[in-house]
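Dear colleague,

Here is the structure I said I would pass on. My notes on its side-chain contacts and backbone follow below.

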Amino acid sequence: MVTALITHPDCLDHVTPPGHPEQVARLDAVLGALADMDLRRVSAPMVADDDLLRVHPQSHITAIRNAAPAQGWRSLDADTHMSVGSLAAAYRAAGAVVRCVDLVLDGAVANAFAAVRPPGHHAERETAMGFCFFGSVAVAAKHALDHHGLKRVAIVDFDVHHGNGTQDLVEDDARILFCSTHQSPLYPGTGAADEVGAHDNVVNVPLPDGTGSKAFREVMERVILPRVDAFAPELLLISAGFDAHEDDPLAGMMLKTDDFAWITSRLCDLADKHCAGRVVSSLEGGYDLEALADSAAAHVAVLEERGR
């Protein structure tokens, strides 16, 4: 078996204003770091509106389409901007994660990583925010459940920012477990421990500024991994943000590259136990280019080794 890498050149055409941290160079750095790995490279399709409609109303999809500029930029909020290529990039980003799910559940690959941008975990049902337009991982989870007929899907989000969008899109669905570790206080200001979802299917672990490897691993071992284990998912999705790295400029957690390899391995252990190793991961944050490249490579190297 092999690990799939799903991406598309359109994701490089989402151009943010000068100085914006969610820049084209992020994806260049990730793809460069993965260039020599033995991965099955797959072109990301455009996501189908039917898949988007599982989590977003038509009004949101239409608003994003109508906001796409013919030239220059259009700002949806202070952080979230669209260029001429942004709409296609957002459709490819969501389509990539759905394609990952199809490949993994059809048995064509062991696991898969979507190297895409824009990210998706801040996009709420009717609100684009935090650099995100569509909730790509939530879209993929619903696709796995509704199209492939799975009964339980778990999402683990270790981005330094709380995945408020993913939570908003899945917290009322008992078939989905959403688990997040994130720095708090920090943007977007959500993710308190008492936010547990409509079916006790949300697990938030806010962590203070300065949290390092020991505390992160302890929380994962004590809280997140046992909840995933008890849920016994048939597919494990990862929102892989690498901005909890000690070198990242947008936050204050102090993780090292090895921590991302460690948590990937531990999650793969649970996937081996419950769902035949079926893991789909999608790139979220990470804004120091060297730390992002190294961390993404460490993450995918574990997927590649476990998928053999």
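**Aromatic pairs**

F158, F242 and F260 are linked into a cluster by ring pairs. Please keep in mind that this is a predicted model. Over the whole structure, the search turns up five aromatic pairs. In the pair of F158 and F242, the ring centres are 6.1 Å apart and the planes stand at 55°, so this pair is tilted. F158 sits in the loop between β6 (153–157) and α6 (164–170), and F242 in the loop between β9 (235–240) and α8 (257–274), so the pair ties together parts that are 84 residues apart in sequence. F158 counts as buried at 1% relative accessibility, and F242 is likewise buried at 1%.

The pair of F242 and F260 has its ring centres 5.1 Å apart and its planes at 80°, so it is edge-to-face. Here the loop between β9 and α8, which holds F242, is tied to helix α8, which holds F260; the two parts are 18 residues apart in sequence. F242 and F260 are both buried.

**Salt bridges**

The search of the whole structure gives 19 salt bridges. One of them joins the side chains of R117 and E22, at 2.8 Å from N to O. This pair links distant parts of the chain, 95 residues apart: R117 is in the loop between β5 (111–114) and α5 (136–146), and E22 is in the loop between β1 (3–7) and α1 (24–34). Are the two partners buried or exposed? R117 is buried, at 0% relative accessibility, and E22 is buried as well, at 0%.

R175 and D146 form another salt bridge, with their closest N and O atoms 2.9 Å apart. R175 lies in the loop between α6 and β7 (176–183) and D146 in helix α5, so the pair ties together parts that are 29 residues apart in sequence. R175 is partly exposed, with a relative accessible area of 28%, and D146 is partly exposed at 41%.

The side chains of D269 and R306 also meet in a salt bridge, at 2.6 Å from N to O. D269 counts as partly exposed at 31% relative accessibility, and R306 is partly exposed at 28%. Elsewhere, salt bridges with shared partners join D51, R54, K142, D146, D173 and R175 into one network.

**Cysteines**

How many disulfides does the structure hold? There are zero. The cysteine sulfur closest to that of C132 belongs to C11 and is 13 Å away, too far for a bond. C132 is buried, with a relative accessible area of 0%. C275 is in no disulfide either; its nearest cysteine sulfur, in C268, is 9.4 Å away. At 2% relative accessibility, C275 also counts as buried.

**Helix α4**

Helix α4 covers residues 86–105, 20 residues in total. From its first C-alpha to its last, α4 reaches 29 Å, close to the 28 Å expected at 1.5 Å a residue. Of its 20 residues, 18 are buried, so α4 is largely enclosed by the rest of the structure. G107 follows α4 and has a positive phi, near 80°.

**Backbone details**

F131 has a positive phi, near 80°, although it is a residue other than glycine. F131 is found in the loop between β5 and α5 and is buried, with a relative accessible area of 12%. D200, which is not a glycine, has a positive phi of about 55°. D200 is in the loop between β7 and β8 and counts as partly exposed at 46% relative accessibility.

Regards

Technical notes. Residues are numbered from 1 along each chain as its sequence is written. This is a predicted model: local features need pLDDT of at least 70, side-chain atom pairs count only at pLDDT 80 or more; totals for chains, interfaces and linings use all residues. Side-chain values use heavy atoms; hydrogens and water are left out. Rings of Phe, Tyr and Trp (its six-membered ring) pair if their centres lie within 6.5 Å; planes under 30 degrees apart count as stacked, over 60 as edge-to-face and the rest as tilted. Helices (H or I, at least four residues) and strands (E, at least two) are DSSP runs, numbered from the N terminus. Buried means under 20% relative accessible area, exposed over 50%, partly exposed in between (1.4 Å probe, protein chains only). The expected span of a helix is 1.5 Å times one less than its number of residues. A disulfide is a pair of cysteine sulfur atoms within 2.5 Å. A salt bridge is a side-chain nitrogen of Lys or Arg within 4 Å of a carboxyl oxygen of Asp or Glu.
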